[in-house]
Amino acid sequence: MESMKLALMKRIKEQMIELVTVDEDYGQLETEEDQYPVVFPCALISSPKIDWATQSAVRPVVQRGTATLMIKLAVDCYDDTHIGSTTEDKVLEREQMNDRLFRLVQGFRLRKETSALSRIESTEYPLAGGVKVYMTTFQYTEMALDE
(Lines give C-alpha, C1' and ligand atoms only; values in the text may rest on other atoms or scores of the structure.)
Protein backbone atom coordinates (compact mmCIF):
# COMPACT_ATOMS: atom_id res chain seq x y z
CA MET A 1 0.00 0.00 0.00
CA GLU A 2 1.35 3.39 -0.95
CA SER A 3 2.06 5.77 1.92
CA MET A 4 0.02 8.98 2.12
CA LYS A 5 2.75 10.59 4.25
CA LEU A 6 5.52 9.77 1.81
CA ALA A 7 3.48 10.91 -1.20
CA LEU A 8 2.76 14.24 0.49
CA MET A 9 6.37 14.69 1.58
CA LYS A 10 7.49 14.30 -2.03
CA ARG A 11 4.75 16.61 -3.34
CA ILE A 12 5.57 19.33 -0.81
CA LYS A 13 9.33 19.16 -1.36
CA GLU A 14 8.91 19.35 -5.15
CA GLN A 15 6.59 22.35 -5.06
CA MET A 16 7.84 24.33 -2.05
CA ILE A 17 11.58 24.50 -2.62
CA GLU A 18 12.01 27.12 0.11
CA LEU A 19 11.33 24.44 2.74
CA VAL A 20 14.68 23.16 3.94
CA THR A 21 13.31 20.15 5.83
CA VAL A 22 10.33 18.01 4.81
CA ASP A 23 10.02 14.95 7.01
CA GLU A 24 7.80 12.65 8.99
CA ASP A 25 6.98 14.19 12.37
CA TYR A 26 8.63 12.08 15.05
CA GLY A 27 8.86 14.77 17.72
CA GLN A 28 11.64 16.92 16.30
CA LEU A 29 10.01 20.11 17.63
CA GLU A 30 9.33 18.74 21.11
CA THR A 31 12.94 18.53 22.24
CA GLU A 32 14.37 19.80 25.53
CA GLU A 33 17.65 20.72 23.84
CA ASP A 34 18.69 24.22 22.78
CA GLN A 35 18.73 23.22 19.11
CA TYR A 36 15.93 21.60 17.12
CA PRO A 37 17.04 18.63 14.97
CA VAL A 38 15.58 20.29 11.85
CA VAL A 39 16.49 23.25 9.68
CA PHE A 40 13.81 25.91 9.24
CA PRO A 41 11.50 26.46 7.52
CA CYS A 42 10.25 22.90 7.71
CA ALA A 43 7.15 20.81 7.13
CA LEU A 44 6.54 17.78 9.33
CA ILE A 45 3.80 15.25 8.60
CA SER A 46 2.11 12.73 10.89
CA SER A 47 -0.87 10.44 10.65
CA PRO A 48 -1.85 10.02 14.29
CA LYS A 49 -5.11 8.14 13.91
CA ILE A 50 -7.21 5.94 11.63
CA ASP A 51 -10.63 4.75 12.81
CA TRP A 52 -11.58 1.50 11.06
CA ALA A 53 -15.08 0.12 10.49
CA THR A 54 -15.76 -3.28 8.94
CA GLN A 55 -18.04 -2.99 5.93
CA SER A 56 -18.10 -6.72 5.14
CA ALA A 57 -16.76 -9.54 7.34
CA VAL A 58 -17.01 -12.09 4.52
CA ARG A 59 -13.79 -12.76 2.59
CA PRO A 60 -12.49 -10.55 1.28
CA VAL A 61 -12.96 -8.46 4.41
CA VAL A 62 -13.69 -4.85 3.50
CA GLN A 63 -12.88 -2.07 5.94
CA ARG A 64 -13.32 1.66 5.68
CA GLY A 65 -10.85 3.87 7.51
CA THR A 66 -11.30 7.50 8.46
CA ALA A 67 -7.82 8.92 8.85
CA THR A 68 -6.46 12.16 10.25
CA LEU A 69 -3.25 13.63 8.94
CA MET A 70 -1.43 16.57 10.54
CA ILE A 71 1.03 18.88 8.84
CA LYS A 72 3.15 21.29 10.84
CA LEU A 73 4.84 24.19 9.11
CA ALA A 74 7.53 25.49 11.46
CA VAL A 75 9.30 28.78 10.79
CA ASP A 76 12.14 30.46 12.67
CA CYS A 77 10.86 33.96 13.45
CA TYR A 78 14.24 35.65 13.56
CA ASP A 79 12.93 38.99 12.33
CA ASP A 80 11.32 41.38 14.78
CA THR A 81 7.82 42.02 13.44
CA HIS A 82 6.41 44.67 15.75
CA ILE A 83 4.78 47.64 14.05
CA GLY A 84 7.49 50.12 13.13
CA SER A 85 10.25 47.50 12.88
CA THR A 86 10.31 47.72 9.05
CA THR A 87 10.07 43.90 8.90
CA GLU A 88 6.34 43.65 9.66
CA ASP A 89 5.79 42.00 6.27
CA LYS A 90 7.48 38.84 7.60
CA VAL A 91 4.15 38.05 9.30
CA LEU A 92 2.41 38.14 5.91
CA GLU A 93 5.18 36.05 4.30
CA ARG A 94 4.73 33.29 6.90
CA GLU A 95 0.96 33.30 6.48
CA GLN A 96 1.32 33.12 2.69
CA MET A 97 3.72 30.18 3.00
CA ASN A 98 1.19 28.39 5.22
CA ASP A 99 -1.58 29.12 2.70
CA ARG A 100 0.51 27.68 -0.16
CA LEU A 101 1.15 24.53 1.87
CA PHE A 102 -2.57 24.22 2.61
CA ARG A 103 -3.45 24.56 -1.09
CA LEU A 104 -0.92 21.85 -2.02
CA VAL A 105 -2.54 19.38 0.37
CA GLN A 106 -6.26 20.31 0.28
CA GLY A 107 -8.00 18.06 -2.21
CA PHE A 108 -5.00 15.76 -2.76
CA ARG A 109 -6.05 12.20 -3.48
CA LEU A 110 -3.52 9.38 -3.32
CA ARG A 111 -5.47 6.75 -5.26
CA LYS A 112 -9.05 5.80 -6.14
CA GLU A 113 -9.54 3.97 -2.81
CA THR A 114 -8.96 7.18 -0.86
CA SER A 115 -11.05 10.29 -0.67
CA ALA A 116 -9.54 13.72 -1.19
CA LEU A 117 -7.85 15.30 1.82
CA SER A 118 -10.04 17.88 3.50
CA ARG A 119 -8.99 20.35 6.19
CA ILE A 120 -10.86 19.91 9.48
CA GLU A 121 -8.80 22.10 11.83
CA SER A 122 -5.99 24.61 11.84
CA THR A 123 -4.10 26.28 14.64
CA GLU A 124 -0.89 28.14 15.23
CA TYR A 125 1.35 28.34 18.27
CA PRO A 126 4.82 29.52 19.29
CA LEU A 127 7.69 27.39 20.54
CA ALA A 128 10.57 28.51 22.70
CA GLY A 129 13.45 29.93 20.73
CA GLY A 130 11.34 32.06 18.40
CA VAL A 131 9.75 29.30 16.33
CA LYS A 132 6.19 29.63 15.01
CA VAL A 133 4.21 26.49 14.14
CA TYR A 134 1.20 26.43 11.83
CA MET A 135 -0.58 23.10 12.27
CA THR A 136 -3.30 21.93 9.91
CA THR A 137 -5.27 18.73 10.38
CA PHE A 138 -6.80 16.99 7.40
CA GLN A 139 -9.14 14.04 7.13
CA TYR A 140 -9.67 11.42 4.44
CA THR A 141 -11.20 7.97 4.08
CA GLU A 142 -9.81 4.86 2.50
CA MET A 143 -11.03 1.38 1.74
CA ALA A 144 -8.94 -1.67 2.58
CA LEU A 145 -9.40 -5.27 1.42
CA ASP A 146 -8.05 -8.23 3.38
CA GLU A 147 -8.08 -11.01 0.85
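Which residues does Thr114 touch, not counting residues up to four places away in sequence? The first legend answers this for the predicted model.

View 1. Thr114 touches Arg109, Tyr140, Thr141 and Glu142, with residues up to four places away in sequence left out of the list. Because its relative accessibility is 2%, under the 20% limit, Thr114 counts as buried. A polar atom of the Thr114 side chain lies 2.9 Å from the backbone oxygen of Arg111.

**View 2. Helix H2 (residues 89–105) and its buried face.** The 17 residues of H2 reach 25 Å from the first C-alpha to the last, close to the 24 Å expected at 1.5 Å a residue. Arg94, Met97, Asn98, Leu101, Phe102, Leu104 and Val105 are the buried residues of this helix. Seen down the axis of H2, these residues fall within an arc of 165°, so they line one face of the helix. An α-helix has 3.6 residues a turn, so residues three or four places apart point the same way. The face of H2 turned away from the buried side carries the exposed residues Asp89 and Arg103. Helix H1 (4–15) and strands S3 (61–76), S4 (118–127) and S5 (131–146) pack against the buried residues of H2. Gly107, which follows H2, has a positive phi, near 85°.

**View 3. The aromatic pair of Phe102 and Phe138.** A search of the whole structure finds one aromatic pair. Phe102 and Phe138 form this pair, which is stacked, with 6.3 Å from centre to centre and 15° between the planes. Phe102 belongs to helix H2 and Phe138 to strand S5, so the pair ties together parts that are 36 residues apart in sequence. Both Phe102 and Phe138 are buried. The charged end of Arg119 sits over the ring of Phe102, at 3.8 Å from the ring centre.

**View 4. Helix H1 (4–15), its cover and its N-terminal cap.** At 1.5 Å a residue, the 12 residues of H1 should span 16 Å, and the end C-alpha atoms are 17 Å apart, which agrees. Met4, Ala7, Leu8, Met9 and Ile12 are the buried residues of H1. What covers them includes strands S1 (21–24), S2 (42–56), S3 and S5, together with helix H2. Ser3 caps the N-terminal end of H1, with a side-chain oxygen 3.4 Å from the backbone nitrogen of Lys5.

Technical notes: Residues numbered from 1 in each chain as written. Predicted model: local features only at pLDDT ≥ 70, side-chain atom pairs only at ≥ 80, totals over all residues. Heavy atoms only, no water. Helix = DSSP H or I, 4+ residues; strand = E, 2+ residues; numbered from the N terminus. Expected span 1.5 Å × (residues − 1). Buried < 20%, exposed > 50% of the residue type's maximum accessible area, 1.4 Å probe, protein only. Arc of directions from axis to C-beta. Contact = heavy atoms within 4.5 Å. Phe/Tyr/Trp six-rings, centres within 6.5 Å; stacked < 30°, edge-to-face > 60°. Lys NZ or Arg CZ within 6 Å of the ring centre and 35° of its normal. Polar contact = N/O pair within 3.5 Å; in protein donor to acceptor, adjacent residues only side chain to side chain.
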